[in-house]
Amino acid sequence: MNKYWTILELEPTDDKTVIKRAYSQKLKVYHPEDDPEGFQRLREAYDYAMKQANKQGQSGRASDRYNGPKDDEDDDDDDDVEDDDDDRREKRVPRMSIWEHYTNVNETGAEDIDSNILHPKGYHEFSQPFDKGEEDDKPDFDEQLADFEKQLENLYQDFPLRINPVKWLELLNSDLLWNIKYKKSMTITVLEFLEENLLLPRAVWDAIESVFGWNGLNVEEREQFNEEYPNVYAYIFNKFGAQNFDYYILLRKGNLDYDAYLLARLAAYEGLLDDDLQTAGNMLNRAYSLFKGDPDLLRLLVNYFNRLHDEERVLTFYTELVSLVPDDRDVRLSRARLLLRKGDWSNALKDANHILVLSPYDADALFFAGQCFHKLGQLENAREMLERLLQVNPNDVDGILSMAELNKDIANQLRQSGGDRTALKRVERELGKLPWRERLLTTVLNFFKGNYFVLFILVILHVTITISFVNQSGYSQIQYMIETYKRVEIRDVTTIEELNLLSPNDNAVRLKLTDTRYLAIREIIKSDKKGNEVLTYLPSKESEDLVTSSSGYLCIGKLGDSLILINADYEQAMEMFKNHTIEIEGNVLTLDNVELQTQMDKWSDYTNNTSSYIKESSIASKYVLSKDGAKKPSLPKIPVWIRILELILLLFYVAIFKQIRKFWKLFLYI
C-alpha cells in the first residue's frame, strides 16, 4: 500500500464516498491554517485516491459497454429518470443542463453510461439526478433540505464558524449530500447560497471545492457554470484576489459588523482594480472607521494614497503596517525606500537592519543599508554592506554603481586629508579602479548578462516587423518613411512616348495640351445599397437629374500628335472648354475602368460620325488625373497589428536605453 492510502488510513478502494469521508475526517487533524504542510500532503493523497477511483470507475463502465445491449426493461427504467427538484428551481432555469447529459440512474441506483459518452472529462457524481420512482421519499427529503438550508445559513451567520473550513466540510459531508438521488438538488442549493454569500476565506473555498470537484469541469461546462453562477465561478476558477485577504484577523475586534466591514473592503479592492479612486476612497474610509487593525486594509490604503502621490499618508499607513506585521519584509523595504527618498536615512537604516537581522544576506536590504550609511557619512559601514551585497550578486549593477560612488568619496577624503599620490593610487587599486579596456569589457559583459532576454526579444521583434512590413507594403521601414516624407517630383512631359515610360511610382507630370474639348461626361459620386460611396461616369444630361455631386469633369486634348483623356475639376474643364488649351499638373494613370472606357467608346463613336477630330489622332491608353493636382502615389496601408508591434518595440528600446545609461555610469566609475 503506497503512502497516499496510508495518509488516508484506507485500503485501496474505488468508493469515492469512502475516500471523501476519510478526507473530511483527516482535515480535523491536518487543519490548513495550523498545519499547511500536513494539509498539502493530505490534499495530494486525496487527489491521488480520487484519480484512482475515477480510473477504476471508467474501466468498469467501459467493460459494461462491451457486454452487449441492455434488455428493454432496463431501457424503460432509464427513460423514467427525471429531476424532481426542477419545479422548486424555476427561478434559475436553465440549471446546469449539461449535468443531465451525462448520467442516468436506474431503479437500483446503479449508474449507466450514455451511449455516446464513455466517462467524459468533467464527469462528477454530484451531477446525477434522483429517481422519480422514489416519490414517497420526497416529503422527507424536503424536510431534510429545509434543515440543511437552515444549517447552511446558521454556519454563515456565525462568523468564527464561517471562516473555519472544517465546519464546512462537516456540513457538506452529511449523508443527505452524499445520497446519489439528491446530490444534484443539494448541489444547486449550495451554489445558490454561495452566489449570494461570498465573504469566505480562501481555505473555506478550497474545502468546498474539494467536496464538489468543480475544477474537474471541462471548458464547455465551465462556460455554462460561469453563466449561471458568475460570482462562485470567480472565486473557484479565477482565484479572485480579495479572497486571499485575512479573515481571521477580524476576530481580534469585538462588536464588529463583519459583513459591513468585509463588503467595504471588497468594494475598495474592486474600486482600485477599476481605477475608480472615488469609490475606492469612500469604501476605504468606511472600512477604516470600522476596523483599523487589518494589514490587508492598510495595504489597500497605501495603494490608494500612492496613486494620489500623497507620500505623507503613505508613510503613515506604512508605519501602522509595521506595527501590525513588524517582520513583513516587503512592508519594511517599501517604507525604507520611501524614507530614503524623503532623506530620512536614519529611520530607513532601521528598517534595513531589521530585515538583515532576519535575513543577513537579503540583497535589497544590504543595498538600502549601504545607501543609508553612505548618506550618513559612515563610509566604512557602507562599504561593508555593499561588499556583502556583491558577494551575494557580483553582477548587481546598482550595487556596483553604489560601490563606485562610495570609492570615489573615499578617494576624495584621502585627497582632502593630504595623503601623497602613491597612497592615493594604492587606495584606488584596492577600491577596484581598472584600466579603461578592462572597464569596457566588464561593462559590456555585465550589460549582456543582465539584459540578454530583452535583447533577444528586440531581435525577434525586429525580424518579425521587418519581414511583415515588406510583405504588406513592398518597402522596408526606412524606405517607407522616406517615401512618406519625400516631396513630389513633377516631370515635364511633351509626348505620349515620354508619358508611357513613366513608372507607377513616378507618375507626377506637367504637360501642355492643345485643341482641348469637354466631353460632357461627369464623374459622379453615388451610394450603393450598403451606403458606401462609389464612382460612376454618366453623360451630363443624365447626371443633372440625379441628386449627386460631380467629383470630376472628363475632357480631352492633344499632347503632340496623340489625344489624352483628362479628369479635371470645374475650373480646369471651363478653361479647356473656352480656351481650347491648358497647362496642367496631375498623375498619369492607366485607363482600366470599364465604365469609363464604355463612356469613352460611346463618345468616340459619336465623334467619328460628326467630325474628323479622332480620325486624325490616336487616343492614349493612359489618362491624367488633374482635378487634385500632382500627388505622390499613395503608399500601402500598414496593418494595425504591425503598428502595435512597433509600439512594443519602442517600449523595449526605452527600457534598454535606460540600462545603457546605467551601464555607462558603471563604465565611468569602476
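Rings of Phe, Tyr and Trp (its six-membered ring) count as a pair if their centres lie within 6.5 Å; planes under 30 degrees apart are called stacked, over 60 edge-to-face, and the rest tilted. With that in hand, here is one cluster to look for: ring pairs link Phe212, Trp214, Phe225, Tyr229, Tyr233 and Phe237. What you have on screen is a predicted model, where local features need pLDDT of at least 70, side-chain atom pairs count only at pLDDT 80 or more, and totals for chains, interfaces and linings use all residues. Residues are numbered from 1 along each chain as its sequence is written, and side-chain values use heavy atoms, with hydrogens and water left out.

**The overall picture**

- The protein chain has 30 helices and nine strands; these are DSSP runs numbered from the N terminus, with helices being H or I of at least four residues and strands E of at least two.
- Of the 670 residues in the protein chain, 43% are buried. Buried means under 20% relative accessible area, exposed means over 50%, and partly exposed is in between (1.4 Å probe, protein chains only).
- Take the contacts in the protein chain with a separation of 6 or more: 67% of them come from residues 24 or more positions apart. A contact here means heavy atoms within 4.5 Å.

**Aromatic rings**

- A pair of aromatic rings is described by the distance of the centres and the angle of the planes.
- The pairing rule gives a count of 24 aromatic pairs. Phe212 and Trp214 make a stacked one, at 4.8 Å centre to centre and 5° between the planes.
- Phe212 counts as buried because its relative accessibility is 2%, and Trp214 is buried too, at 0%.
- Phe225 and Tyr233 form a tilted pair, 6.4 Å centre to centre with 50° between the planes. Both Phe225 and Tyr233 are buried.

**Charges over rings**

- A charge sits over a ring if NZ of Lys or CZ of Arg is within 6 Å of the ring centre and within 35 degrees of the ring normal.
- Arg265 has its charged end over the ring of Tyr247, 5.4 Å from the centre.
- Arg388 has its charged end over the ring of Tyr361, with 5.5 Å to the centre.

**Annotated transmembrane stretches**

- An unreviewed UniProt entry carries the annotation "transmembrane region" for residues 452–471 and 640–660. UniProt positions are given in the numbering used here, feature names are shortened, and annotations may be inferred rather than shown by experiment.
- In the model, residues 452–471 are 100% helix and 0% strand, with the end C-alpha atoms 29 Å apart.
- Residues 640–660 are likewise 100% helix and 0% strand, and their end C-alpha atoms are 30 Å apart.

- Helix α2 (residues 16–27) has 12 residues and reaches 16 Å from its first C-alpha to its last, close to the 16 Å expected at 1.5 Å a residue. The expected span is 1.5 Å times one less than the number of residues in the helix.
- The buried residues of α2 include Ile19, Ala22, Tyr23 and Leu27.
- Ala45 belongs to helix α3 (residues 36–65), and it is buried, with a relative accessible area of 0%.
- Ala45 and Ile19 are 26 residues apart along the chain, and their C-alpha atoms are separated by 9.8 Å.
- Leaving aside residues up to four places away in sequence, Ala45 touches Tyr4, Ile7 and Leu8.

**Helix α20**

- The 13 residues of helix α20 (residues 363–375) should span 18 Å at 1.5 Å a residue, and the end C-alpha atoms are 19 Å apart, which agrees.
- This helix, α20, is mostly covered, with 10 of its 13 residues buried. Among them are Leu366, Phe367, Phe368, Cys372 and Phe373.
- Gly377 follows α20 and has a positive phi, near 85°.

**Positive phi in loops**

- Most residues other than glycine have a negative phi, and most peptide bonds are trans.
- Asn255 has a positive phi, near 55°. Asn255 lies in the loop between α13 (230–237) and α14 (258–273), and it counts as exposed because its relative accessibility is 86%.
- His580 also has a positive phi, near 60°. His580 is in the loop between α28 (570–579) and β8 (581–590), and it is partly exposed, with a relative accessible area of 42%.
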